[in-house]
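Student: I'd like to go through the pockets of this protein with you. Could we take them one at a time?

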Amino acid sequence: MNQKERMLARLPYKAWLDGLSEERMECKKKIFEYNQLPPDEGEKKEKLIRDIIGKSGEGICIEAPFRCDYGSNIEVGDNFYSNYNLTILDVAKVTIGKNVMIAPNVSIFTAGHPIHPDSRNSGYEYGIEVTIGDNVWIGGNVVVNPGVHIGNNVVIGSGSVVTKDIPDNYIAVGNPCRLIREITEEDRKYYFKDRKFDVEDYKDSSFHVEDL
């Protein structure tokens with residue numbers, strides 16, 4: 001195996017060999033262009049982000065600035081929105097479902113280094129994939145660590161550090177992130193804590209990122 005094949009196989013690899021440095025540089029150049037685009041050039045912005053991201057569904061909006069290593073290892077579903085300062089270290093696959101919203105300053109890490117200093121100083125690192133399900137809201141300043149699976153219909157509270165899998169239909173917060181309670185149908189009535197909707201069209205779930 002070359003080093004890229006080792007990287008994608010979740011094996012220890014050296015990130016400066018076998019063309020990996022060159023791939024990251026090409027991604028950096030595209031990211032730089034994307035982050036410098038005027039805010040009113042929506043068509044060009046969408047075209048470029050689709051060129052950066054490996055696979056994307058219908059409706060994608062990533063507010064600049066955005067950072068990633070390769071881009072090609074990222075997959076997002078329909079109706080994806082991320083606010084400012086999203087960082088994805090995608091040395092391994094990052095798969096994100098449909099109807100996912102990400103708040104500012106979120107970091108998704110697949111990359112890691114050995115614990116022992118001698119092993120770490122060898123230059124070897126690794127990547128373990130991250131998956132995020134459908135209908136997920138990730139709050140501001142959240143960190144998602146390598147190997148984590150976040151289920152469907154999950155809310156991750158602001159400032160959380162997610163080190164373990166989160167099952168479907170849960171609110172989870174904290175450092176390390178822990179389950180708080182299951183999300184139920186009763187929650188649908190409220191927009192913030194104990195504040196109920198004063199309108200009826202909140203029941204319409206046909207919103208799309210393009211409407212922003």
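Predicted model: local features only at pLDDT ≥ 70, side-chain atom pairs only at ≥ 80, totals over all residues.

Student: What is the volume of the largest pocket?

Tutor: Let's start with who surrounds the space. The largest pocket has 32 lining residues, with W137, V155, D187, R188 and Y190 nearest its centre. Its volume is about 1500 Å³.

Student: Which element gives the largest share of the lining of the largest pocket?

Tutor: Two elements give two or more residues to this lining: strand 19 (170-173) and strand 21 (190-192). The largest share is three residues, and the element that supplies them is strand 21.

Student: How many nonpolar residues are in the lining of the largest pocket?

Tutor: Sort the lining by class. Eight of its residues are polar and seven are charged. The nonpolar residues number 17.

Student: What is the volume of the second largest pocket?

Tutor: For the second largest pocket, the value is about 240 Å³.
Its lining has 13 residues, and those closest to the centre are G42, E46, I60, C61 and V209.

Student: Which element gives the most to the lining of the second largest pocket?

Tutor: Helix 3 (42-52) and strand 3 (60-62) each give two or more residues here. With four residues, the top contributor is helix 3.

Student: How many charged residues are in the lining of the second largest pocket?

Tutor: Again, go by class. Seven lining residues are nonpolar and two are polar. The charged residues number four.

Technical notes. Residues numbered from 1 in each chain as written. Heavy atoms only, no water. 1 Å grid on protein atoms, 1.4 Å probe; cavity = no way out; pocket = protein on both sides within 12 Å on 5 of 7 lines; lining within 4 Å. Points joined across faces, edges and corners; volume = space filled by probe spheres on them. Nonpolar A, V, L, I, M, F, W, Y, C, P; charged D, E, K, R; others polar.
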